[in-house]
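Reader: Could you take me through one part of this model closely, namely the sheet and what is packed around it? I would like each term to come with its cut-offs.

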Amino acid sequence: MHRFRRLCIALMVVLSTMVVIGQPAHAAPGRADGKRVTLLVHGFDREADVNCAGGWSSAKDLLNANGWANVYTFGYYNGATNCDLRVDGTTDTRIQEVGRQLAWTVYYFWSSGGVAIDIMAHSMGGLVSRAAIEGVRRYGVASVSSADLPQGKSLADVSTMAWPSGWPPYLYIEDIVTLATPHKGISGVLEACALTHEQCSDMREGSGFLSWLGGLKSSAMGTDYTLLGSGYDDTVSGESAVKSWDNDVSHAAVYYKAADGDTISHTEMRSEKATAFDAVWHNLGDTGTGYYSPPLIQGMYGLYNHMLY
């Protein structure tokens, strides 16, 4: 009898010290205009040696100058450098898996504590961000024990952290801005790349990954998307960048020419912040044409505004 009693007491102690995070003890964060923690997610790089600081310098400088205090670059290649957060991967790491690692990163540092974040993503980074939300919606676990998660880690430790299998239970991502993201896939230019890089294969028009991804989905607090593309992008068409104006797209624009005839390339979509361009735009059912704020300025507005479609 005494032995049984000791076992029961020991079991109660174990259960009392196990923190289960699956069902949040807090309400989802309220949606509001604000300058939240913001992650900058880069796109595909054939050499897998992205310089996060260099690629995102214009965006980070703009956000910092306008009051965003917590802006972090997120990298997902082993060879990526100068990233505030970096998980391990190669160009053969499927986009869905990169999304899973992003989901755990967001959950561990912010969502599990009731903190909402925003994301600005370039090119494939937009698909990674959407994959994080879609994977959690489809496969998110019911609960996570603190014992299953790394303990006492900082942002600089992300590359050394072993995430649980599966997907976290929920995410709080209020706004996502995508710059030249191939929401509808890429045709033609990816054919050779797809033979040697799995991420290119995932981005092909009509791929199994894009079918899995489906439409624009929301995190547990609701997620507002702003989709921006260039009509002169020779990698991702403007139509693909704005998801061909599908019914689930509420904020989007395709840029064409500036007054001096200048245009925006694929890479410049993540750096252009000085010049207004003629554009076709769509905002909550209101559609128009005319000169429009450059991508980074419009992207900043998208991060700030809380409107949910």
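**The sheet and its surroundings**

Author: Strand β5 (residues 173–179) and strand β6 (residues 224–230) pair in the parallel sense over five bridges, where helices (H or I, at least four residues) and strands (E, at least two) are DSSP runs numbered from the N terminus, and two strands pair if DSSP finds at least two bridges between them. Within this pairing, Leu-179 has Leu-228 of β6 opposite it. The model is a predicted one, in which local features need pLDDT of at least 70 and side-chain atom pairs count only at pLDDT 80 or more, while totals for chains, interfaces and linings use all residues. Residues are numbered from 1 along each chain as its sequence is written, and side-chain values use heavy atoms, with hydrogens and water left out.

The two strands belong to an open sheet of nine strands with mixed pairing, ordered β3-β2-β1-β4-β5-β6-β7-β8-β9. Its edge strands are β3 (85–86) and β9, each of which pairs on one side only. Strands of a sheet pair through backbone hydrogen bonds, either parallel or antiparallel.

Val-37 itself counts as buried because its relative accessibility is 12%. Leaving aside residues up to four places away in sequence, Val-37 touches Asn-70, Tyr-72, Trp-110, Ile-117 and Asp-118, a contact meaning heavy atoms within 4.5 Å. The C-alpha atoms of Val-37 and Trp-68 are separated by 7.7 Å, although the two residues are 31 apart along the chain.

A pair of aromatic rings is described by the distance of the centres and the angle of the planes. Here rings of Phe, Tyr and Trp (its six-membered ring) pair if their centres lie within 6.5 Å, and planes under 30 degrees apart count as stacked, over 60 as edge-to-face and the rest as tilted. A search of the whole structure finds 17 such pairs. One of them joins Trp-68 and Tyr-304 edge-to-face, at 6.5 Å centre to centre and 70° between the planes. Trp-68 lies in the loop between α3 (57–65) and β2, and Tyr-304 in helix α10 (residues 295–304), so this pair ties together parts that are 236 residues apart in sequence. Trp-68 is buried at 3% relative accessibility, whereas Tyr-304 is partly exposed at 35%. Another pair, Trp-281 with Tyr-292, is stacked because the ring centres are 6.2 Å apart and the planes lie at 10°. Since Trp-281 is in strand β8 (residues 277–283) and Tyr-292 in strand β9 (residues 286–292), the pair links parts that are 11 residues apart in sequence, and both residues are buried.

As for helix α10, eight of its 10 residues are buried, so the helix is largely enclosed by the rest of the structure; among these buried residues are Leu-296, Ile-297, Met-300 and Leu-303.

The packing can also be read through nonpolar cores, each a set of buried Ala, Val, Leu, Ile, Met, Phe, Trp, Tyr and Cys residues joined through side-chain atoms within 4.5 Å. In soluble globular proteins, nonpolar side chains tend to be buried together. The largest core has 65 residues, with Tyr-76 and Ile-119 making the most contacts inside it. Helix α4 (residues 95–109) gives the most to this core, nine residues. A second, separate core of 25 residues includes Leu-228, already met opposite Leu-179, together with Val-177, Tyr-255 and Trp-281.

Definitions and conventions
Buried < 20%, exposed > 50% of the residue type's maximum accessible area, 1.4 Å probe, protein only.
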